[in-house]
Amino acid sequence: MPSRIKSWGRVFDYDHHIREISAASDISDSLKTCVSGSSLAYGMGRSYGDSNLNASGALLKTTRLKAFLKADWEAGVVKVQAGLTLGELLQVCVPKGWFLPVSPGTKYVTVGGAVANNIHGKNHHKVGSFGNFVRALSLHRSDLKNSPVICTPLQNKKLFDLTIGALGLSGIIEWVEIQLKPISSSFLYVENIPYNSLDEFIELSTSSQDWEYSVAWVDCFSRGKELGRGIFSRANFSKVGTLDVHNSQSRLTWPFVTPSFFLNKASIKVFNLLYRKRSGAKYCGYTHYDSFFYPLDGINNWNKLYGKKGFYQHQCIINRAQGKAAITEILKVIEASGQGSFLAVLKLHGPETSPGKMSFCMEGLSLALDFPNKGNKTTALLNEIDTIVEKYSGRLYPAKDGHMSAKHFQSSYPQWTYLEQHKDPALSSSFWRRVSKTV
Amino acid sequence: MKHENPTVLVLGGTSAVAMAYARNAAKAEENIVLVGRNKSKLEANVVDLKARGAKSVQSYVCDLGDSTEVEAHWSALLTLAGHVDRVLLAYGVLGEQSESQDSANILRRSLEINFVSTALWSERAFQYFRQHGSGQITVIGSVAGDRGRQSNYHYGAAKGALAIFMDGMAHRAAKLKEAKLKILLIKPGFIDTPMTDHLEKGGPLWASPEKIAAIIRKSERRGKRVVYAPWFWRFILMIIRYLPFFVFKRSSL
């Protein structure tokens with residue numbers, strides 16, 4: 001029976017054949033016996049656009065593969081199956097004094113997904129992307145006799161480098177060995193600093209290079225001299241404190257799909273104003289990792305907030321030299337369109353040091369946005385933003401994309417042809433079919 | 001005797017709910033003994049639980065459904081574990097009723113696994129805990145045991161009999177003066193595990209093994225006797241139980 005699956009942005013809604021992977025031995029079986037064209041590994045379904053969808057094909061659900069295969073708590077090295085979520089990993093490693101080396105904005109992603117998207121976080125300026133901390137992984141491929149193959153920075157290096165950021169197309173990841181980061185407390189010392197312009201943001205980011213984590217929330221309705229104003233946030237893990245793990249049970253659930261008029265120019269303006277004026281906007285003090293890294297995880301199904309038609313995410317990165325000019329142009333276009341983004345996040349990235357061949361990150365400025373899907377009006381705005389990104393030789397993050405043109409993808413990721421040649425022929429995704437079209 | 005790190009005996013140590021329960025025990029740094037038939041799966045689970053922080057993890061391979069061997073296995077397990085504080089009985093077979101309808105052997109085997117052997121294991125654990133002064137026996141039953149339905153009364157009858165058995169055991173435990181025994185029967189509804197992969201899934205009635213495992217541990221701590229998991233099944237089953245037969249017979253439940 002085909003089932004309809006939506007991605008996290010809820011814009012795309014396709015029929016899929018779902019197959020539960022209950023044991024590692026099911027992976028190769030599924031690849032061999034797939035009857036519906038192509039397959040794609042599917043974890044928590046948190047990618048926003050269509051990179052985790054495979055319309056009319058098969059999705060191999062990996063979330064039952066969540067065993068620990070090895071753990072060295074002296075060295076902080078764990079070998080875990082790919083379907084384990086980062087939240088489940090934290091439940092185990094935090095009490096032992098270890099944390100994720102790189103953490104995205106949600107803990108509800110699988111380790112396999114973290115590798116496939118070579119995810120980054122608020123500490124990119126210090127440590128690069130997730131791929132830097134992958135010591136080894138095992139990969140099932142339909143076209144290899146000795147599958148699964150173990151890939152490390154020394155062994156099967158080409159396949160290792162390709163798999164980090166290959167969007168799940170280079171094979172199905174069975175397990176990953178990760179180097180964790182030592183912590184002595186589950187709390188962070190955080191400083192929130194309201195700032196008034198893009199220049200101030202860059203100044204703050206530059207002078208905060210020694211802080212482990214930094215990021216800024218941007219008010220998309222600011223204009224003129226105040227363009228890019230927002231709240232800059234920087235943090236370090238506390239040296240003292242307790243190792244309290246997050247609560248894995250009680251969470252609120254967004255109860256229904258909110259009518260789409262709920263998020264409009266006026267309501268976002270009010271939200272932005274309140275967000276800037278609230279007392280927490282200038283907060284300096286200690287915060288638990290759960291509220292610092294994963295504020296939205298507190299609400300189940302927050303994606304339903306954007307109405308029935310869902311929403312688009314958009315994250316671009318532009319090189320350091322031209323970053324400011326590009327972001328200024330983008331913010332102007334958004335302000336003029338009146339379609340403000342509710343959650344706009346700005347970050348100054350350091351050089352990308354991970355081995356991932358298809359990495360999104362580079363040294364420069366990245367801006368993450370989200371827009372409720374209002375049909376043509378929204379896609380027109382996205383087109384306009386993309387044109388600016390393209391002009392400044394920037395690129396877009398596939399995990400968040402549901403929209404970029406094949407031409408833009410191919411010019412900004414010229415190494416895509418290598419992935420196209422070396423991907424597992426049994427694997428594909430809606431995203432890949434969209435962006436690998438001949439242009 | 002009080003032990004700093006309790007020891008929990010998990011019968012059916014390869015089932016998804018049992019494993020979720022054992023993972024919580026590992027997090028609490030308990031001693032765990034896993035019992036089941038599939039040696040390689042048990043061994044993988046041992047590695048997983050050790051990595052997650054269990055004080056100690058051991059495995060024991062045997063056919064839990066073989067009711068003639070319960071005493072022998074119990075002694076061996078006790079030698080292995082030293083002592084036991086809690087027992088979770090989580091094994092069972094769902095089976096296809098169409099098959100057990102056509103085969104007396106399959107039906108006999110299903111009743112043997114789901115009821116006879118479970119009753120004997122519980123009784124043996126009761127005897128042990130009674131001697132030692134305290135203990136917890138938790139048995140996973142099923143909402144299917146609340147009313148016989150044409151589609152799965154073979155499974156349901158065993159689970160229903162088990163409910164009466166545990167009820168009686170709880171009564172007996174309450175009357176004990178020399179020992180403090182806690183007896184718990186969990187009645188889950190639909191759980192998303194490999195055991196139910198042949199059914200169509202999705203929707204609010206389906207629960208994850210992790211959710212059921214959390215309910216089990218919470219109910220043990222609170223000293224509960226019978227718990228539907230999740231809670232709403234209690235009301236669904238109340239309606240199903242009280243439906244008059246002339247209405248019930250028209251359904252294809």
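These exercises with worked solutions go through parts of a predicted model.

In this model, local features need pLDDT of at least 70 and side-chain atom pairs count only at pLDDT 80 or more, while totals for chains, interfaces and linings use all residues. Residues are numbered from 1 along each chain as its sequence is written, and chains are lettered from A and ligands numbered from 1 in the order in which they are written.

**Exercise 1. The sheet of chain B**

Work out the strand order of the open sheet of 7 strands in chain B, and its edge strands.

Step 1. Helices (H or I, at least four residues) and strands (E, at least two) are DSSP runs, numbered from the N terminus. Two strands pair if DSSP finds at least two bridges between them.

Step 2. The order is β3-β2-β1-β4-β5-β6-β9, with parallel pairing.

Step 3. β3 (56-61) and β9 (226-229) of chain B each pair on one side only, which makes them the edge strands.

Step 4. Strand β2 (residues 31-36) of chain B joins β3(B) through 6 bridges in the parallel sense. Here B:Gly36 stands opposite B:Val61 in β3(B).

Step 5. Helix α2(B) packs on the sheet and touches β2 and β3 of chain B. Its direction makes about 175° with that of β3(B), where angles run from 0 to 180 degrees between N-to-C directions and axes are lines fitted to C-alpha atoms, for helices over the stretch in contact.

**Exercise 2. Two helices of chain A**

Describe how α9(A) and α10(A) pack.

Step 1. Two packed helices are described by the angle between their axes and the distance between the axes.

Step 2. For α9 (residues 320-337) and α10 (residues 376-391) of chain A the angle is about 165° and the axes are 9 Å apart.

Step 3. The helices are therefore roughly antiparallel (an angle over 145 degrees).

Step 4. Among the residues that meet are A:Ala326 and A:Ile330 in α9(A), and A:Leu381 and A:Ile385 in α10(A). Contact requires C-beta atoms, placed from the backbone, within 7 Å.

**Exercise 3. A:Phe292**

Decide whether A:Phe292 is buried, partly exposed or exposed.

Step 1. A residue is buried with 20 or more other C-beta atoms within 10 Å of its own, exposed with 12 or fewer, and partly exposed in between.

Step 2. A:Phe292 has 19 other C-beta atoms within 10 Å, so this residue is partly exposed.

Step 3. A:Phe292 is found in helix α8 (residues 289-293) of chain A. Leaving aside neighbours within four places in sequence, A:Phe292 is in contact with A:Leu188, A:Val190, A:Ala235 and A:Thr287.

Terms used
Contact = placed C-beta atoms within 7 Å. Parallel < 35°, antiparallel > 145°, perpendicular 65-115°, else oblique.
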